[in-house]
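Try each task before you read its solution.

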Amino acid sequence: MTRLGRRGPPWWVWFLLALLLLVLLAAGGAFLYLRSLTLPAGGQPYTLEVKPGDTLPAVARELEQQGIVKNARALRFIMDRNGTAGSLKEGLYDLNGDMNVYQVADKLAGPARIPTVSLTVPEGLRVKDIPPIFGKAGFDVAGVRAALNDASLSQYARGKQENLEGFVFPATYEFRVGEQPKEAVQEMVGRMEREFTPENVAKAKALKLGVRDWVILASMVQAEAANDGEMPIIAGVFLNRLRDGIALGSDPTVAYGLGKDLPDLDRPAGDFTKDTPYNTYTRMGLPAGPINNPGQAALLSVLSPKRELPDGRDALYFLHGLNGKIYVNHDYPAHLRDVARYR
């Protein structure tokens with residue numbers, strides 16, 4: 001009787017093993033390939049701008065072309081899976097090729113950086129001189145001018161004057177690119193109104209000044225002072241003269257009433273005797289309105305004035321000498337002596 005030899009596994013077992021091996025190899029290859037698509041693409045830093053109407057597929061293709069992601073579909077897949085495919089917002093996204101696709105997806109799901117433009121409105125500028133500054137920053141000049149001439153934007157200017165003179169705060173602003181002129185001007189008006197705190201308004205009231213009177217006087221101080229240190233002194237002189245019923249006699253108010261710049265005033269031509277609502281030589285009290293847009297230092301100087309000379313007498317006159325110094329006096333003869341001496 002012969003012994004039968006041991007039979008090996010059937011052929012189909014080997015076939016299945018081979019097929020399984022091929023499937024594992026294919027799966028491994030696919031895994032490695034897909035994983036490679038998530039790795040950093042190595043591109044240069046790139047700022048993506050998302051505009052109204054931009055879609056994720058279009059953005060993903062742009063990022064693939066710029067070398068930020070290796071595969072646009074991989075980015076879309078991840079954002080779809082994370083539920084953030086609809087999270088794109090208008091604005092700027094700062095990206096670079098060292099980010100993997102998950103980091104890019106997270107960045108796009110977060111807040112966008114809003115593009116801004118910076119501009120500075122100097123202290124003491126008149127509203128008529130502000131629109132060109134906005135024009136250089138890309139704003140519509142006509143729109144800015146129209147907004148600045150809309151006194152209704154300020155509760156303190158509304159019904160009392162024709163424009164926002166005195167009620168737009170001079171400062172450096174960061175406005176959104178494309179921001180409407182009216183919105184920008186409203187922001188400046190709102191910034192000025194933050195100066196009108198209950199405490200400051202109470203101080204003005206103690207000086208017998210309403211908010212608008214306070215701003216008018218501050219605009220005069222702004223125009224007269226050569227520096228911030230002089231402002232409390234000049235404010236004190238004006239407040240004393242108002243109290244005593246003495247004409248304020250401020251040259252910048254005359255210039256404003258005539259529509260001139262201060263250096264263009266012509267005394268021999270009779271500029272100082274031409275009566276306007278702003279001429280503080282021909283009329284008593286404050287001028288009809290602010291003559292510029294005063295800064296914080298001028299506003300606060302009115303609330304904390306220096307009203308007395310070192311000897312305790314009231315300060316009633318001041319002048320700027322050719323040597324750059326300010327001279328303050330109590331009586332007119334002393335003032336005239338200083339005029340002859342220092343001018």
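**Exercise 1.** In this predicted model, find what share of the contacts between residues at least 6 apart in sequence join residues at least 24 apart.

*Solution.* Begin with the inventory: the protein has 13 helices and six strands. Next, take the contacts between residues at least 6 apart in sequence; 59% of them join residues at least 24 apart.

**Exercise 2.** Work out which element gives the largest share of the largest nonpolar core.

*Solution.* Start with the core itself, which has 54 residues. Phe 134, Val 168 and Phe 175 have the most contacts inside it. Then look at the elements that give two or more residues to this core: β3, α6, β4, α7, α9, α10 and α12. Of these, α9 provides the largest share, with seven residues. Now zoom in on Val 168: beyond its neighbours within four places in sequence, its contacts include Val 127, Ile 130, Leu 148, Val 185 and Met 188. Finally, another core of 22 residues lies apart from the largest one, with Leu 56, Val 69, Ile 78 and Leu 95 among its members.

**Exercise 3.** Locate Lys 208 and decide whether it is buried or exposed.

*Solution.* Follow the chain to the loop between α8 (198-206) and α9, where Lys 208 lies. Check its backbone: phi is positive, about 65°, although Lys 208 is not a glycine. Then turn to the relative accessible area, which is 77%. The cut-off for exposed is over 50%, so Lys 208 is exposed.

Methods: Residues numbered from 1 in each chain as written. Predicted model: local features only at pLDDT ≥ 70, side-chain atom pairs only at ≥ 80, totals over all residues. Heavy atoms only, no water. Helix = DSSP H or I, 4+ residues; strand = E, 2+ residues; numbered from the N terminus. Contact = heavy atoms within 4.5 Å. Core = buried A, V, L, I, M, F, W, Y, C linked by side-chain atoms within 4.5 Å. Buried < 20%, exposed > 50% of the residue type's maximum accessible area, 1.4 Å probe, protein only.
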